[in-house]
Amino acid sequence: MSKIQEVHLSILEKQKISLFIKREDLLHPIISGNKYRKLKYNLITAQEKKYQSLLTFGGAYSNHIAATACAGKENGLQTIGVIRGEELKDSFLENPTLKLAHKHGMQLKFVSRSRYRNKGEEHFINDLIKEFGRFYLLPEGGTNNLAVKGCEEILDKKGLNFDVVCCPVGTGGTIAGVINSSNEKQIVLGFSALKGDFLKEDICKFVLKENWELITDYHFGGYAKVNDELVQFINNFKLKTGILLDPVYTGKMIYGILDKIEKNYFKPGTQILALHTGGLQGIAGMNLILEKKNKPLIAI
Ligand SMILES: Cc1ncc(COP(=O)(O)O)c(C=O)c1O
């Protein structure tokens, strides 16, 4: 079950801001957060259309790959994951995300980075159909119209009472659903996990409202890049609040929110709801990378 939890920190008291976190990470241990919402109507449609398998794309640490593998297993659908990086073929069981996907029965196909770039092209999809037969296709990150429809269910009645709703952004599907269901008085702030502001256009494809903004200052160098400061922040936040954040999406968003609060971005009295979109399965993989670099680890 997802619940709304208030966070108590001295900076919030000092700046007279209330911060609440919607614990979408508690929806399911693996199909958690936005993955649960994004897959919901896609799974229903795949089953209605009598598909027997789902095929999707992702990188070695993809939350979407892990969630699709698990959701397929729970719903009696076979799953195929097309994974970026041929070099992973012989060592994938050392990668916690791919090991988890494999354990849930996902068939993994490793392709070179250059071939992976063609994932949207018809000839590549046709080759995959020849190899695997008929499948229900989910794009990388799982964003499509049905995923946005599922994400429109994140903000419930209570969620509509907050002045500001904050959401991490990867492909833009999750925030698009949140914007669609927000009310006109609310502001929806997206915290981009990627460098650059090109995601604005992707979000615009799914939304008509204008009560939103994409914040691009908290990517920490780019997608899945972390530094000691971020790791320390995640560990301190867990110590103070009991809430574990992931290093790719929610850790960067909460860091950004608190930084903006400190810099007086919000008026005193503002009530903020931040969405915890899950992604905790990715911490084990990130810790392996940090360990190899002799860096501080994320405490689980
Ligand atoms: C945990 C987590 N939070 C947020 C996002 C961002 O969602 P979206 O790609 O819909 O912008 C993702 C990626 O899909 C994710 O895995």
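A salt bridge is here a side-chain nitrogen of Lys or Arg within 4 Å of a carboxyl oxygen of Asp or Glu. Glu-24 and Arg-37 form such a pair, their closest N and O atoms lying 2.7 Å apart. The structure is a predicted model, in which local features need pLDDT of at least 70 and side-chain atom pairs count only at pLDDT 80 or more, while totals for chains, interfaces and linings use all residues. Residues are numbered from 1 along each chain as its sequence is written, and side-chain values use heavy atoms, with hydrogens and water left out.

The chain is assigned two domains: domain 1 comprises 4-30 + 145-292, and domain 2 comprises 33-142; such bounds come from an automatic or database domain assignment. The C-alpha centres of domain 1 and domain 2 are 25 Å apart. Between these domains, 26 residues of domain 1 are in contact with 25 residues of domain 2, contact meaning heavy atoms within 4.5 Å. The area buried between them is about 2,100 Å², with carbon and sulfur atoms giving 60%; buried area is the accessible area (1.4 Å probe) that two parts lose on being put together, summed over both. Of the area that domain 1 buries against domain 2, Ile-30, Leu-146 and Gln-281 supply 29%, more than any other three residues.

Polar interactions also cross this interface. Two salt bridges are counted between domain 1 and domain 2, and ten residue pairs are in polar contact, both residues at pLDDT 80 or more. A polar contact is a pair of N or O atoms within 3.5 Å; within protein, one must be able to donate a hydrogen and the other to accept it, and residues adjacent in sequence count only if both atoms are side-chain atoms. On the side of domain 1 that touches domain 2, helix H7 (145-151) and helix H12 (282-292) each supply at least two residues; helices (H or I, at least four residues) and strands (E, at least two) are DSSP runs, numbered from the N terminus.

Gly-85 is located in the loop between strand S4 (78-84) and helix H4 (96-103). Gly-85 counts as buried because its relative accessibility is 0%, the class being under 20% relative accessible area, with exposed over 50% and partly exposed in between (1.4 Å probe, protein chains only). Not counting residues up to four places away in sequence, Gly-85 touches Phe-110, Val-111 and Arg-113.

Ser-182 occupies the loop between helix H8 (173-181) and strand S8 (187-192). With a relative accessible area of 4%, Ser-182 is likewise buried.
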